[in-house]
Amino acid sequence: MTLVEVFLIALGLSMDAFAVSVTNGMCRKNMKLGWTIGIGACFGLFQGLMPAAGFVLGSTFAKYVQSVDHVIALVLLGFIGGKMLIDGVEKKDEDDSCVCVLTLGALLLQGVATSIDALAVGVSFAAVMDGYATMLMSVSVIALTTFVLSVIGVAVGKRFGDFLNNKAQIVGGLILIGIGVKIFVEHVFF
């Protein structure tokens, strides 16, 4: 597998993390640099760990995860997005802008939910890669790509969150639910 192929896989895997990062930035326009870096690091870490775990555990574990990964992603993203949506609707009459409480626990759930599909990619790595050195290089590229795109996503969300004001939480919740549904539909029908 070439570096270009690994980078293209990394881009594909990091799109969900990018979308969730945009949502986080929309809801917390005053987010400090530490949280922005933390979001990128969390998503990058999970996107790197999942294919590494898939590689190590191999195809035996994949058949169990592949049968339920879409359901796990739907439930986690649906729960987080649903909570944001309900909170946004309840705050729709308030004059101040959306302020989401992004906790470490919520961020970790987002990290897991957006990286579950990377586990299956790791299993496929076991079939095409010739050793741990190649796998480590590949998961490093995936983690770094996801980190960079997630940090960019937060910045994009902060920028466009101003336009949406208190509706950002509603839009963010819908985005998260939509990602969960997309993952579910892709695995069930395609």
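Helices, counted as runs of at least four residues, and strands, counted as runs of at least two, are DSSP runs numbered from the N terminus. On this basis, the chain of this predicted model has six helices and zero strands. From the N terminus on, the order of the elements is α-α-α-α-α-α. The points below treat the chain as a whole, the annotated segments, and then individual residues and pairs.

**The chain as a whole**

- The chain has 190 residues, of which 43% count as buried.
- Its accessible surface comes to about 9400 Å², and 72% of that surface belongs to carbon and sulfur atoms.
- Among contacts with a separation of 6 or more, 92% are between residues 24 or more positions apart.

**Segments annotated in the record**

- An unreviewed UniProt entry carries the annotation "transmembrane region" for residues 6-26, 33-58, 70-86, 98-126, 132-156 and 168-185.
- In the model, the span of residues 6-26 is 100% helix and 0% strand, and its end C-alpha atoms lie 30 Å apart.
- The span of residues 33-58 is likewise 100% helix and 0% strand, with 37 Å between its end C-alpha atoms.

**Helix H3**

- Helix H3 covers residues 69-90, which makes 22 residues.
- As a general point, an α-helix has 3.6 residues a turn, so residues three or four places apart point the same way.

**Salt bridges**

- Side chains of opposite charge can pair when their charged atoms come close.
- The structure holds two salt bridges.
- In one of them, the side chains of Lys 182 and Asp 16 meet at 3.6 Å, N to O.
- This pair links distant parts of the chain, since Lys 182 belongs to helix H6 (residues 168-189) and Asp 16 to helix H1 (residues 3-27), 166 residues apart.
- Asp 16 counts as buried at 6% relative accessibility, whereas Lys 182 is partly exposed with a relative accessible area of 36%.
- Lys 182 also meets the side chain of Glu 186 in a salt bridge, again at 3.6 Å, N to O.
- Glu 186 and Lys 182 both lie in helix H6, four residues apart, about one turn of the helix.
- Glu 186 is partly exposed, with a relative accessible area of 38%.
- Through shared partners, the salt bridges join Asp 16, Lys 182 and Glu 186 into one network.

**The aromatic pair**

- A pair of aromatic rings is described by the distance of the centres and the angle of the planes.
- One aromatic pair is found in a search of the whole structure.
- Phe 55 and Tyr 132 form this pair, with 5.5 Å from centre to centre and 75 degrees between the planes.
- The arrangement is edge-to-face, because planes over 60 degrees apart are counted in that class.
- Phe 55 lies in helix H2 (residues 33-66) and Tyr 132 in helix H5 (residues 132-164), so the pair ties together parts that are 77 residues apart in sequence.
- Phe 55 is buried, with a relative accessible area of 11%, whereas Tyr 132 is exposed, with a relative accessible area of 51%.

- Ser 150 is part of helix H5.
- Its relative accessibility is 0%, and Ser 150 therefore counts as buried, the cut-off being under 20%.
- With neighbours within four places in sequence left aside, Ser 150 is in contact with Ala 17, Phe 18, Ser 21, Gly 40 and Phe 43.
- Leu 3 is placed in helix H1.
- The relative accessible area of Leu 3 is 52%, so this residue counts as exposed, the cut-off being over 50%.
- Leu 3 touches Met 137 and Val 141, when residues up to four places away in sequence are not counted.
- Leu 3 and Met 137 are 134 residues apart in sequence, and their C-alpha atoms are 8.9 Å apart in space.

Terms used
Residues are numbered from 1 along each chain as its sequence is written. This is a predicted model: local features need pLDDT of at least 70, side-chain atom pairs count only at pLDDT 80 or more; totals for chains, interfaces and linings use all residues. Side-chain values use heavy atoms; hydrogens and water are left out. UniProt positions are given in the numbering used here, feature names are shortened, and annotations may be inferred rather than shown by experiment. A salt bridge is a side-chain nitrogen of Lys or Arg within 4 Å of a carboxyl oxygen of Asp or Glu. Buried means under 20% relative accessible area, exposed over 50%, partly exposed in between (1.4 Å probe, protein chains only). Rings of Phe, Tyr and Trp (its six-membered ring) pair if their centres lie within 6.5 Å; planes under 30 degrees apart count as stacked, over 60 as edge-to-face and the rest as tilted. Contact means heavy atoms within 4.5 Å. Accessible areas come from the Shrake-Rupley method with a 1.4 Å probe; for residues, only the protein chains shown count as cover. The expected span of a helix is 1.5 Å times one less than its number of residues.
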